[in-house]
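Biologist: I would like to learn how to read surface and ring features in a structural model. Could we go through them one at a time?

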Amino acid sequence: MSTIAAEVNDHAHDDHGPAKGIKRWLFATNHKDIGTMYLIFSFAMFLVGGLMALVIRTELFQPGLQFVHPEFFNQMTTMHALIMVFGAVMPAFVGLANWMIPMMVGAPDMALPRMNNWSFWILPVAFGILISTLWMDGGAPASGWTMYPPLVLQTGDAFPFLIFSVHLMGISSIMGAINIIVTIMNMRAPSMSLLRMPIFVWTWLITAYLLIAVMPVLAGAVTMLLTDQFFGTSFFLAAGGGDPVMFQHIFWFFGHPEVYIMILPAFGVVSEIIPTFARKPLFGRDSMIYAASCIAFLSFIVWAHHMFTVGMPLSGQLFFMFATMLIAVPTGVKVFNWVATMWKGAMTFETPMLFALAFVFLFTIGGFSGLMLAITPADIQYHDSYFVVAHFHYVLVPGSVFAIMAGVYYWLPKWTGYMYNESLGKLHFWLSTIFVNLTFFPMHFLGLAGMPRRIPDYSTQFADFNMIASVGAFGFGLSQLILIYVLLTAKKGVPATDAVWDNPEGLEWTVPSPAPFHTFDTPPEVLPPLKQEQHA
Amino acid sequence: MSVDVSQDDGREDRKVGVRRTALVLAGVALMVYAAFIIASVLRS
């Protein structure tokens with residue numbers, strides 16, 4: 001009886017389309033709608049965080065204090081980081097996951113659609129609270145996104161709001177991660193074995209496990225900050241017998257896997273795009289999966305490389321140095337596999353491929369500077385310098401952000417049903433690539449010359465490179481106006497075919513363009529053969 | 001209220017699987033949260 005009832009309900013489910021007006025978005029349970037909301041939200045946060053970066057670069061255009069107070073400068077660096085990490089990069093990948101994972105595994109939707117709605121709608125609340133702290137007594141948090149005590153405990157009225165918003169972001173991420181794992185493990189089409197899954201799905205599966213393992217650690221750390229501030233505990237207060245360095249250990253036990261949370265889905269996106277435009281199967285497909293798993297495992301045992309200068313036994317320094325260097329091995333496997341995929345391929349250079357290529361090249365630069373920072377004696381020199389700022393921006397901007405842009409250009413015709421403006425896409429790519437390097441490459445030199453990070457003023461010998469970096473930052477910011485225009489006119493191009501590109505691989509290309517509101521209500525029985533099988 | 005197995009397309013099983021996996025993962029997240037706080041309490 002219950003089976004019959006379920007079938008009746010399902011027929012009703014098949015018939016209805018999206019709700020009308022604001023209700024469609026407020027009560028959304030459709031993975032495509034929620035994916036769209038995630039992507040729009042993350043882009044809005046990217047612009048807000050970007051404006052904060054421009055405040056920073058305006059102040060640093062010349063030596064001396066000219067535009068903002070040092071206190072406000074520190075608020076800008078802190079808010080820029082929190083917004084970009086938790087508001088822009090992470091939600092963008094969750095948006096891509098929401099849109100693509102159900103279609104890639106042949107599922108009708110995410111496994112827990114109502115929780116999916118919660119995961120999203122918690123985010124605007126969290127960031128509304130965080131951004132509102134700019135207008136509170138004492139201003140916004142200014143201790144850096146790492147929230148180290150005792151400095152963070154000097155935050156004004158914003159402190160409990162910071163803690164609450166971080167908790168909300170964590171809850172949202174954990175719910176999103178649970179949804180993704182449950183969808184992948186339980187909702188795959190019958191013949192979609194784990195090793196057959198697209199690499200983007202694999203990297204997201206690994207990322208979701210990372211999220212569940214480390215977001216509660218961040219929640220625990222900030223809960224203890226809260227009790228230290230308001231409930232008389234001394235977890236991190238030296239005066240009460242606590243240990244401020246313990247916070248750093250706990251934070252980076254979260255913080256380092258967090259870096260991989262922001263890069264593994266990027267690896268997945270690039271691994272989808274390069275084979276399509278090289279017209280070859282992904283080289284070393286299985287090794288890509290094992291490499292991503294290795295990176296995830298190693299991410300748990302390298303955290304103290306962020307803290308070499310706080311002091312630790314020599315054996316600890318050696319362990320964390322070698323463990324960190326070890327990550328270069330699986331990462332190298334990935335980079336070589338991408339290059340080998342392109343080797344002798346019939347390559348074309350549409351916008352997604354350009355962004356993916358820039359990712360491979362520029363992310364590797366960030367990887368190499370990371371390797372330099374892993375060397376303990378060298379890190380003691382580089383620590384808290386602009387070299388570190390250059391390193392992680394290379395990993396995150398032409399790394400994660402470029403991968404997101406590549407993914408958006410790649411899947412946009414499937415979402416809208418129309419081809420975007422390719423010329424403008426290419427213009428957006430070239431300007432972004434030129435300016436991103438103009439912004440961040442000089443920071444290597446600044447760091448090596450000794451300029452510390454998180455300062456609003458600096459010695460005059462750093463003036464030239466800072467001026468170049470500021471010009472680059474404004475150029476990069478203005479280049480994103482092209483992306484806004486491309487997105488606003490995304491439905492004005494020529495209609496896209498179902499496959500969109502030249503024989504791409506995956507179930508998502510078998511559904512019409514634009515993808516209908518409901519896809520794979522009935523799981524696909526026969527999957528298209530993998531390109532590897534076609535070549536064999 | 002017995003389920004007619006001949007017409008069952010696996011959706012009921014999948015529902016149980018979804019719930020079970022979600023609860024296990026949520027439990028793991030809560031345990032990690034508690035473990036770190038308990039460890040910090042014991043250490044301080």
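Biologist: Is A:Ile468 buried, exposed or partly exposed?

Modeller: This is a predicted model, and in it A:Ile468 has a relative accessibility of 34%. Buried means under 20% and exposed means over 50%, so A:Ile468 counts as partly exposed. Its place is in helix H16 of chain A.

Biologist: Which residues form the nonpolar patch on the surface?

Modeller: A:Ile468 is one of them, together with A:Phe61, A:Leu438, A:Phe441, A:Phe445, A:Phe465, A:Met467 and A:Val471, and the accessible area of the patch comes to about 610 Å². Helix H15 (422-448) and helix H16 (463-488) of chain A are the elements that give two or more residues to this patch, and H16(A) gives the most, with 4 residues.

Biologist: Turning to the rings, how is a pair of aromatic rings described?

Modeller: Such a pair is described by the distance of the centres and the angle of the planes. The structure holds 43 aromatic pairs over all chains. Among them is the pair of A:Phe159 and A:Phe230, which is tilted, with 6.1 Å centre to centre and 50 degrees between the planes.

Biologist: Where in the chain do A:Phe159 and A:Phe230 lie?

Modeller: A:Phe159 lies in helix H6 (residues 158-186) of chain A and A:Phe230 in helix H7 (residues 199-230) of chain A, so that the pair links distant parts of the chain, 71 residues apart. As for accessibility, A:Phe159 is buried, with a relative accessible area of 0%, whereas A:Phe230 counts as partly exposed at 46%.

Biologist: Which parts of chain A does the pair of A:Phe200 and A:Trp411 tie together?

Modeller: The rings of A:Phe200 and A:Trp411 form a tilted pair, with 5.4 Å centre to centre and 55 degrees between the planes. Because A:Phe200 lies in helix H7 of chain A and A:Trp411 in helix H14 (residues 386-416) of chain A, this pair ties together parts that are 211 residues apart in sequence. Both A:Phe200 and A:Trp411 are buried.

Biologist: Which residues do ring pairs link into a cluster?

Modeller: The cluster is made up of A:Phe86, A:Trp145, A:Tyr148, A:Phe235, A:Phe236, A:Phe247, A:Phe251, A:Trp252 and A:Phe254.

Biologist: What does the secondary structure of chain B come to?

Modeller: Chain B has 1 helix and 0 strands, and of its 44 residues, 18% count as buried. The accessible surface of chain B comes to about 3,200 Å², with 65% of that belonging to carbon and sulfur atoms.

Note on methods. Residues are numbered from 1 along each chain as its sequence is written. Chains are lettered from A and ligands numbered from 1 in the order in which they are written. This is a predicted model: local features need pLDDT of at least 70, side-chain atom pairs count only at pLDDT 80 or more; totals for chains, interfaces and linings use all residues. Side-chain values use heavy atoms; hydrogens and water are left out. Buried means under 20% relative accessible area, exposed over 50%, partly exposed in between (1.4 Å probe, protein chains only). Accessible areas come from the Shrake-Rupley method with a 1.4 Å probe; for residues, only the protein chains shown count as cover. Rings of Phe, Tyr and Trp (its six-membered ring) pair if their centres lie within 6.5 Å; planes under 30 degrees apart count as stacked, over 60 as edge-to-face and the rest as tilted. Patches are made of residues with over 30% relative accessible area and no salt bridge: like charges are joined within 9 Å, nonpolar side chains (Val, Leu, Ile, Met, Phe, Trp, Tyr) within 5 Å. A salt bridge is a side-chain nitrogen of Lys or Arg within 4 Å of a carboxyl oxygen of Asp or Glu.
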